[in-house]
Amino acid sequence: MKRFNNILINPVRQWLESIEIHHPKTAKWLCKIIPARCPFEQEIKFFDRTIASIPPLCKLNPFYDQIVEIRFKSLVYLSDQCGEDITLYC
């Protein structure tokens, strides 16, 4: 399994980490498509009583940290380079 990580996953992680943001439209698009928090966490309720809770499964994605980092880079670019208010994306 470790060899699988080294051969397939690590190059993709490195590529994702190397992405730089240089265009406001790209940064805005990335901030819109990458959610601020894990979208999979849910509580299943029946008559206002929680009967099941689904934990956030994002950490199972091997690229989760890199995707969140891309969103953060986009927010920083919009704020620092473009001077935009990023509260819309938070």
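Colleague: Which side chain meets Glu69 in a salt bridge?

Modeller: Keep in mind that this is a predicted model, where local features need pLDDT of at least 70 and side-chain atom pairs count only at pLDDT 80 or more, while totals for chains, interfaces and linings use all residues. Residues are numbered from 1 along each chain as its sequence is written, and side-chain values use heavy atoms, with hydrogens and water left out. A salt bridge here is a side-chain nitrogen of Lys or Arg within 4 Å of a carboxyl oxygen of Asp or Glu. At 3.8 Å, N to O, the partner of Glu69 is Lys73.

Colleague: Why are Glu69 and Lys73 separated by about one helical turn?

Modeller: An α-helix has 3.6 residues a turn, so residues three or four places apart point the same way. Helices (H or I, at least four residues) and strands (E, at least two) are DSSP runs, numbered from the N terminus. Glu69 and Lys73 are about one turn apart because they sit in helix α3 with a spacing of four residues.

Colleague: What length does α3 reach from its first C-alpha to its last?

Modeller: Helix α3 covers residues 64–81, which is 18 residues.

Colleague: How many salt bridges does a search of the whole structure find, and which residue pairs with Glu84?

Modeller: The search turns up two salt bridges. One of them has a distance of 3.4 Å, N to O, and involves Glu84. That pair links distant parts of the chain, 56 residues apart, with Glu84 in the segment after α3 and its partner in helix α2 (residues 24–33).

Colleague: Is strand β2 largely in the open or largely buried?

Modeller: Buried means under 20% relative accessible area, exposed over 50%, and partly exposed in between (1.4 Å probe, protein chains only). Strand β2 has six residues, 49–54, and the number of them that are buried is zero. That is why β2 lies largely in the open.

Colleague: How many bridges join β1 to β2?

Modeller: Two strands pair if DSSP finds at least two bridges between them. Strand β1 (residues 42–46) runs antiparallel to β2, and Gln42 stands opposite Ile54 in β2. The number of bridges joining β1 to β2 is five.

Colleague: What is the phi of Phe47, and what is the phi of Asp48?

Modeller: Phe47 is in the loop between β1 and β2, and Asp48 lies in that loop too. Phe47 is exposed, at 69% relative accessible area, and Asp48 counts as exposed at 75%. Neither is a glycine, yet phi is positive for both: near 55° for Phe47 and about 65° for Asp48.

Colleague: What is the area of the nonpolar surface patch?

Modeller: Patches are made of residues with over 30% relative accessible area and no salt bridge, where like charges are joined within 9 Å and nonpolar side chains (Val, Leu, Ile, Met, Phe, Trp, Tyr) within 5 Å. This patch is made by Phe40, Ile44, Phe46, Phe47, Ile51, Ile54, Leu57 and Leu60, and the elements giving two or more residues are β1 and β2. Its area is about 880 Å².

Conventions
The expected span of a helix is 1.5 Å times one less than its number of residues. Accessible areas come from the Shrake-Rupley method with a 1.4 Å probe; for residues, only the protein chains shown count as cover.
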